[in-house]
Structures are given as structure tokens and as C-alpha cells.
Amino acid sequence: MIDLKKPKALFLLAPAGAGKTSLIFEFFQRNKRDILMILPLKCLEREVTKKIEELRSTDYFFKALTAEKSIAFLERLPLHKRKNLLIVLDEIHLWNLWGNDFRPVLWESLYYFGANQYSILGLTATLKEEYK
């Protein structure tokens, strides 16, 4: 098992349909850890939010947001909640593909997460050969 308690960035490259999102849900259920899942599209945010609603926890949260909402959410989050937070970036390949021109907030949020030393897990099924 990978220890995600110290700030670091990890990437999971697995084929479409391999269960990357299901793995995050399982991780949430097995570990006492807050999770913020950042999704590049509103339709994905809605889809994941519906699944999250089935996973109620009183002590820990699992939240799905788009990058546009993520920084404001984190800045309102109490400090003790930030320390145990895992940020999951779904479709991480789009941060580079779209982040330069189309949606600069993707890059801005990534810099924010790194500067604040959050643990980050990037998920993708599509990664250009030059990034491997």
C-alpha cells in the first residue's frame, strides 16, 4: 500500500474501465482520510457527486468539484482538515492539454496544490509518451 500521509504527488496510469475511480471510493472507505476529487468537466463532477452521496461519513469528507471551485473550497476549509487531505486530479492529462490556453485555472489550481504541500494523486488512462 502506498503511504499518502506525507505531501507528495503520485500518478496512476491505467486503461479506461480499469477502476481508477472505484479505487478512490474504496480508499475512502478503508482509510481515515478526507478526499477532494477535482474533475475537469461539470458532467463528471455531477456523476461522481451522485456516487459520493452513497458514502456517508461523519468524520471525513469526500467532495467532488471542478478546478474553478477547488481553491475557494480549500481556503474555507479549517486547517486541521487540510492536513489530512488527499487531492485526486481525475483526467490529469487534461491539466496540461487544456491548462495552457483553454482553461488556465487548471494550471493555477495545480500550482496552488503544490505550493500548499497537499498530497496529490493524478488519475488518467491517457498519457502522452513524452510524459511517461
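Q: How many bridges join S2 to S3, and how do the two strands run?
A: This is a predicted model, in which local features need pLDDT of at least 70, side-chain atom pairs count only at pLDDT 80 or more, and totals for chains, interfaces and linings use all residues. Residues are numbered from 1 along each chain as its sequence is written, and side-chain values use heavy atoms, with hydrogens and water left out. Helices (H or I, at least four residues) and strands (E, at least two) are DSSP runs, numbered from the N terminus, and two strands pair if DSSP finds at least two bridges between them. S2 and S3 run parallel, and the number of bridges joining them is 5.

Q: How many residues of S2 are buried?
A: Buried means under 20% relative accessible area, exposed over 50%, and partly exposed in between (1.4 Å probe, protein chains only). One side of S2 has Asp34, Leu36 and Ile38, the other has Ile35, Met37 and Leu39, and all are buried. The strand is therefore largely enclosed by the rest of the structure, with a buried count of 6 of the 6 residues.

Q: Within what arc do the buried residues of H1 fall?
A: Let's look at helix H1 (residues 20-30), where Lys20, Ile24, Phe25, Phe27 and Phe28 are buried. Seen down the axis, they line one face of the helix, because they fall within an arc (taken from the directions from the helix axis to the C-beta atoms) of 155°.

Q: Which residues are exposed on the other side of H1?
A: The buried residues of H1 are covered by elements including strand S2 (34-39), helix H2 (42-52) and strand S5 (119-124). On the other side of H1, the exposed residues are Gln29 and Arg30.

Q: Which residues does Ser70 touch, not counting residues up to four places away in sequence?
A: Ser70 sits in helix H3 (residues 67-76) and is buried, with a relative accessible area of 0%. Counting contact as heavy atoms within 4.5 Å, Ser70 touches Ile38, Leu65, Ser109 and Phe113.

Q: How far apart in space are Glu53 and Lys63, C-alpha to C-alpha?
A: Glu53 lies in the loop between H2 and S3, and counts as partly exposed at 45% relative accessibility. Glu53 and Lys63 are 10 residues apart in sequence, and their C-alpha to C-alpha distance is 9.4 Å.
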